[in-house]
Amino acid sequence: MTDTDAGKGGRKMQSDKRMKEIMTGYYIDAKTAEQTGKKVAWITSGGPVEPLIAMDIIPVYPENYGAMIGASKMGADLCARAEEMGYSGDLCSYARADIASSLVDGGPIGGLPRPDMLVCCNNICGTVLKWYEIQARHYDVPLFILDTPICHTEYSEEAKKYVRRQILEYIAFLEAVMKKKFDYDQMAEVGKLSVEGQRLWQAVLDTAMNRPSPMTCFDAFFHLALIVTLRGTKVAVDYYRMLLAEMEQRVADGISAIPNEKYRLLWDNLPIWYRMRWLSEKFAAHDACLVADTYTTAWCMSLRYMDEDNFIDSMAEGYTKSYLNIGVDEMTKIVLEMVDKYDVDGFVMHSNRSCKPYSLGQYDIQRAVQKERGIPSVIIESHMVDERSFSESQTETRIDAFMEMISQKKG
Amino acid sequence: MITAGIDIGSITAKAAILSDGKVLGSKVAFTGYNAREAGKSVYEDLLRELEMDKSSIEKIVSTGYGRNSVTFADKAITEIICHGTGAYYLNPEIRSIIDVGGQDSKVLAINPDGTVKDFAMNDKCAAGTGRFLEVMARAMEADLDDFGTLSLRSDRPSKISSICTVFAESEVISLIAKGESREDIIAGIHESVASRISSMARRVGVQEPVMMTGGVARNIGVVRALEKTLGVSIEVSEFAQVNGALGAAVIAARL
């Protein structure tokens, strides 16, 4: 067995290097946009990025930057700064970190590049509406809001018309800001690349169905960046094709992410960005592989609604029915599907104080999983980017007790 | 087979020694600053009391927040599993356990075979724990050992609504100033602890018979308040405070 990274909670991947190259290049392009004459749009993580790509606008994601801030352990200071500005400590730590970062040019790359426009889609939460309004005032730039009504179960005709109409308004908005016509042929191309990218991402995640799994959810959290930020580009498609090949090779060679995979687990909610290595090593020490998670799956979950030959029409439903914009019953169905698909022994739920839509309903989902599948679950708490809210000793006790329960049950 | 269990908690360290399924003895001491030293000395003091030698102990399991400091233990297991095992050892009919210690409270659901089915922990704050009672006893100038008995004297407990220990103390002081009786305030304090714990208990589900463990089980006021709120009767063993160490010793025999 080659390329072991024993004790680090997973084996290093060749693709990691390429991902870092691409993301570095991407942020450099974004930060030098003014010099190269390109325009920058800030967009929410669930927002429709494809029209931006089609218009050759560089999309920048404050949420992706929030993850980087968390991973660099710069979240506590920036969140505290936001609180000094008057923002509540209960507010999403992505929002707090970004608002403060805009003021002090904070975070690992010294702040995000100024946006020329803002695109906000509330299919992930309502916080983004106020957050983006704040930034629109701060930078004095135009803001487009795509309002996706919550879809408890059914995507009604009214909702369909309403969202579809806004997609057209979105295109008109871009034409006005860019002072050029929208290229529908280019859009069709981008749409095809977006669907292809999502398919490849799903295929990558599916390799974890293998026993043992070639990857953990911590790998998925890392490799997620491109399908979020550069969905619709050839770069993303080429990258995921490469990553998929590497995963398939691992499966063929019998290389597993966890040297001795005894237990398979499902993760729910966003990562605890500043404790990835700690969590990864903790579970690895218990011979447990977090084979799948509901968060990274969200960027290929809408494939079922998207038609690559008619992207611009089908994207409305795809974006409206994002994982955080559906009812808890629907979320439960998806979780149970994943429990079966990846054949998991336990469920690890991150009760993320920063994300109310993701965390409200977790107790109900937990109860349903216990009832319908009889597998144990554990809830650990934190703010995803504000390390002041994380209690290591208490979290460790919960994880250890959970793993002891599973090993008592499974042996 | 002779085994030992050592439970290092936030306030007290406990040791228990078991011989072929029979409890030979147990001991409680303050943890203080050095968890490792506390574990070592409570264990050695117990051995001395029982006139036993270290060499007669075949296996040791450590538990509690300080479990990894007990470097001479054969294995470290969380107190969730140990409390479950301990309570089941004391009464195999037990299906729910409420463990209230110095800095956290837990509710466990136990399977008929003694394994843990589910658990919930309140470790975000001190409001439902021994620490809260300590702070309140001091505020009321009462002896912590009598605190529970004092609470039973009231039939009109005061309402204490603060969910934070520190703010609840201010609330208590203003109740004293308002002239509410000492027993009523003390009873209100006990109801406050019970209400914090019972909402967590209901989330896990309470199935009789129920046992209470941990140091706070020695407080009759909390036990009665919990019985009232949950509508169940609660068993408390003489080994309640050392239940974690006891469970650890039982597990040690299976290693």
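Student: Which residues does M242(A) touch, leaving aside those up to four places away in sequence?
Tutor: In this predicted model, M242(A) touches S15(A) and R18(A).

Student: And where does M242(A) sit?
Tutor: M242(A) belongs to helix α12 of chain A, which covers residues 234-253.

Student: Is M242(A) buried or partly exposed, and why?
Tutor: M242(A) counts as partly exposed, because it has 15 C-beta neighbours inside 10 Å. To count as buried, a residue needs 20 or more.

Student: How far is M242(A) from Y162(A)?
Tutor: Their C-alpha atoms are separated by 39 Å, and the two residues lie 80 apart along the chain.

Student: Back to S15(A) and R18(A). Which helix are they in?
Tutor: Both are part of α1(A). That helix, residues 15-31 of chain A, packs with α12(A) at an angle of about 165°, and the axes are 10 Å apart.

Student: So what do you call that arrangement of α1(A) and α12(A)?
Tutor: Roughly antiparallel. The cut-off for that word is an angle over 145 degrees. As for handedness, α1(A) passes α12(A) in a left-handed crossing.

Student: Which residues make the contact?
Tutor: From α1(A) you have S15(A), R18(A) and I22(A). From α12(A) come V235(A), Y239(A), M242(A), L243(A) and E246(A).

Student: New topic: the sheet in chain A. What's the strand order?
Tutor: The order is β2-β1-β3-β4, in an open sheet of 4 strands with parallel pairing. β2 (58-60) and β4 (143-146) stand at the edges with a single partner strand each, so one side of each has no neighbour in the sheet. From one strand to the next, the twist averages 25°.

Student: How many bridges join β1(A) to its partners?
Tutor: β1(A) pairs with β2(A) over 3 bridges, and 3 bridges also join β1(A) to β3(A). On the β3(A) side, the bridge partner of I43(A) is V119(A).

Student: Which way do the residues of β1(A) point?
Tutor: V40(A) and W42(A) point one way, while A41(A) and I43(A) point the other way. All of them are buried.

Student: What about β3(A) and β4(A), how many bridges there?
Tutor: β3(A), residues 117-121, pairs with β4(A) in the parallel sense over 4 bridges. C121(A) stands opposite L146(A) in β4(A). Helix α7 of chain A, residues 127-139, packs on this sheet and touches β1 (40-43), β3 and β4. Its direction makes about 175° with that of β3(A).

Student: And chain B, what does its sheet look like?
Tutor: It is an open sheet of 5 strands in the order β3-β2-β1-β4-β5, with mixed pairing. The edges are β3 (22-30) and β5 (75-76), each with a single partner strand, so one side of each is left without a neighbour.

Student: Which sense do β1 and β2 of chain B pair in?
Tutor: Antiparallel, over 7 bridges between residues 2-8 and residues 12-19. There, G5(B) stands opposite A16(B).

Student: Which helix lies across those strands?
Tutor: That's α1 of chain B, residues 35-49, lying across β1, β2, β3 and β4 (59-63). It runs at about 135° to β3(B).

Student: Last one: what pLDDT does chain A average?
Tutor: The average is 95, and 97% of the residues score at least 70. Over residues 1-9, though, the pLDDT is below 50, and that stretch has 15 contacts in the model beyond near neighbours in sequence.

Notes: Residues are numbered from 1 along each chain as its sequence is written. Chains are lettered from A and ligands numbered from 1 in the order in which they are written. This is a predicted model: local features need pLDDT of at least 70, side-chain atom pairs count only at pLDDT 80 or more; totals for chains, interfaces and linings use all residues. Two strands pair if DSSP finds at least two bridges between them. Helices (H or I, at least four residues) and strands (E, at least two) are DSSP runs, numbered from the N terminus. Axes are lines fitted to C-alpha atoms, for helices over the stretch in contact, and angles run from 0 to 180 degrees between N-to-C directions. Two residues are in contact if their C-beta atoms, placed from the backbone, lie within 7 Å. A residue is buried if 20 or more other C-beta atoms lie within 10 Å of its own, exposed if 12 or fewer, and partly exposed in between; C-beta atoms are placed from the backbone. pLDDT is the predictor's confidence in each residue, from 0 to 100. Angles under 35 degrees count as roughly parallel, over 145 as roughly antiparallel, 65 to 115 as roughly perpendicular and the rest as oblique. A crossing is left-handed if the near helix is turned anticlockwise from the far one by less than a right angle, and right-handed if clockwise.
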